[in-house]
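Me: I'm new to this one and would like a close look at a single part, with a bit of background on the chain it belongs to. Here is what I'm looking at.

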Amino acid sequence: MTAPSHHGAPAAVRPAAISARGWGWRHAGRAKPAVRALDLDIQPGERVLLLGPSGAGKSTLLHALAGVLGDVNDDGEAGESDESGSLLVDSASPREQRGRAGLMQQDPETQVVLSRVGDDVAFGAENLAVPRDEIWTRVHEALDDVGLSHLPLDHPTSALSGGQKQRLALAGILAMRPGLILLDEPTANLDPAGVLEVRDAVARCLDKTGATLVVVEHRVSVWKDLVDRIVVLQPGSSTESAVLLDGPPDQVLSEARSMLIAAGVWVPGYVPETRQRTEGPVPGTGDLLLAAEELAVSRARARRKGFRKLPPVPVQQGISAQVRAGQALAITGPNGAGKSTFALTLAGLLEPVAGKVSATLALSRGAGIDPYRWKAEQLIERVGTVFQEPEHQFVTGKVLDELLFGPQHLGHGAERVDELLERLRLTELVDANPYTLSGGEKRRLSVATVLAAHPQVLVLDEPTFGQDANTWAELASFLSELLDSGTAVVSVTHDAEFTAALGGTELRMAAAPAVAS
Amino acid sequence: MRQELNLQANHALLARANPLSKFAAVFLVTAVLALSIDWVSASVALVFELLLFPLAGLTLALLWQRGWPLIIAAAVGGWSTSILAPDSGKTLIDVGLWTMSEGSLELGAGFMLRGLAIALPAVLLMSCTDPTDLADALAQKARLPHRFVLGTLAAMRLVGLLAEEWQTIGMARRARGVGSRGNALRRVKATLGQSFGLLVQAIRRASRLAVTMEARGFGGGTRTWARESTYSWLDAWVLGGGVLVAGTAFATALWAGTWNMVWLGS
């Protein structure tokens, strides 16, 4: 060990103040500025929830406050960007104050830097050149604050759940002792338990340190009681201010309720209206299309150990389910229960470890009983699967080509494309590159591309994750129409309201038994 | 893959040594073995290596699991050398073109043993060296630039994620009708498309990780190290062990008269 720290008790956190004056930012390669003419003051210790429609520049503002704007944007493009006006943290540029602000982003996988828990928390403090002894004091304290102190310091970060990864990221931020904590949709990728875990950890840490908080999140109810101010941003124009509304949560929510609902914000106590199914679904009716019997599932393939082949350890087993025409099947349960793995196996994309998936004649139409053995073309006109991350499924460079891709492969069915474009509001975007769409647009496109091949069964993996209320309602209504027209809809979801909107049967999967690796 | 990169369960003696001293010892041994194709120096080194394996927390079963491709490659190399090398001494087998003589058998055995003796230290090194500890040693002791070392370390963690993502993208594309089964041309096309998808995701992940690292103050001039990379008496033993193995192998081969410098021919 090197020289012991003579700093004594660590200095208390000094909350940061934020001041924006006519601030604007245009990303490199974009025609329109992401933020324009922002005037905003945030006092030290204030806790602010930032709301607004997509494209209002919320993430851009957080990145700017974190001092990481300008070098690399989300598309990995570097280049000429434009800044106007001033944005100050404690009356200095955020870029010149490393460690004054800590930023947490949405994707838990990229919030972890190193492979051991203790090292990851220490990373920020190391970069700020904190003396070694004090780093470890801070690491223990931060892990304690976020409720992860039960983990050994050499615990592998890859073994953490999404909620734990976000809490770990928070610990890494706390170890820098920042005066400003910035959260960019920190819980959008988490299950309900994970959301509360992270929210409560943030609340505890703020109560303890008194740091300033700025959080961006669609789901207002999660953060409403924790913040003392809501700021609603709007896409800037040359005449209007970027701040649409600003005030205490209750006041803003009542004043702007209808406007926020129109903008797709999840306002507390509001469930968007969705189309009702015309016929009340009677569980157990409708033609049987697919059946799973005593299924054991795993994403892993058989492993090789020297010359031996070992079957993978199933993440879940003994699952039986039936998929019927015109019926919704919701697969629910905690994270890690193997819901997605089961759905992908049911959809003919993964090979069962044990048990079987069988298609009835009504679905297979001569293609054979086992969906996993179907050719890709045979699969897409029978079972369509919409993945959680729309980008994984994009195969062309244009929205229209995406929609025509399935029908062209099958040699028929292009007539439905116009209807889907219209119905899912993609007509304006036919020439756009799929990767450049907003989150909601990507989701609508990914559903449309799979449906363009006319599958009789539609499987969706967490279709509502991170979606705003408008996309949510559109999706639920659209799926209820599909169900009425006789398509079977299987959805893996944590979203109880979504399950209720679609009706049908629910397959609740229990947490998988802990398996030693 | 990620589990294999994580060595937290390995509490073996050699896992506690500094990665740089382990590298130096392995370099010494393999350098000596690379100089000569003779079976004596290779066998001596191999015996030492097998004795040292328990110190790295390895068992024979684990060794086979991690090193089987290398072991098979060495055996195949030895076999082909013994039947193809120029014959000398008594002929043992003669099947038309293929002949095996005492001289070629000796050369083949030397080749196989040498292959094993050079390959196994690498397996040993990988089995008892944590990537984080290696990065610490490279940045603190070997004085490599920390931006480079830590950037590589963080990127390595993403490699495991990419393996998972590759599988997911493959499934997601099958669900779009892109077949990865069928004739060779179709497979090549499907693999190219899948690689592009993976590349896009890798770039996105990497830029988000870069933002995370920068937001944690990474990239500044000075930084401290929470884990101090140190040398201890153990490292003297590791280096001494390397010298001992390399020296004994060399001396035994000289004494037995089998030392056979690669570039001098025979």
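Predicted model: local features only at pLDDT ≥ 70, side-chain atom pairs only at ≥ 80, totals over all residues.

What share of the 266 residues in chain B is buried? And once that's clear, could you walk me through helix H7 of chain B?

Reply: Of the 266 residues in chain B, 37% are buried. Chain B has nine helices and two strands, and along the sequence they run α-α-α-α-β-β-α-α-α-α-α. Its C-alpha trace covers about 70 × 60 × 35 Å along the principal axes. As for contacts in chain B with a separation of 6 or more, 76% join residues 24 or more positions apart.

Now for the helix itself. H7 of chain B takes in residues 146-174, which makes 29 residues. From its first C-alpha to its last it reaches 42 Å, close to the 42 Å expected at 1.5 Å a residue. There's still a bend in H7(B), of about 25° at B:Leu161.

Next, look at which of its residues are buried. Among them are B:His146, B:Leu150, B:Leu153, B:Ala154 and B:Arg157. Further along H7(B), the buried ones include B:Glu165, B:Thr168, B:Ile169 and B:Ala172, as well as B:Arg173 and B:Arg174.

And what do they pack against? Within chain B, the buried residues of H7(B) pack against helix H6 (131-140) and helix H8 (184-215). They also pack against a helix of chain A, namely H11 (376-380).

Terms used
Residues numbered from 1 in each chain as written. Chains lettered and ligands numbered in written order. Helix = DSSP H or I, 4+ residues; strand = E, 2+ residues; numbered from the N terminus. Buried ≥ 20, exposed ≤ 12 C-beta atoms within 10 Å, placed from the backbone. Contact = placed C-beta atoms within 7 Å. Expected span 1.5 Å × (residues − 1). Bend = angle between axes of the 7 residues up to and from the residue.
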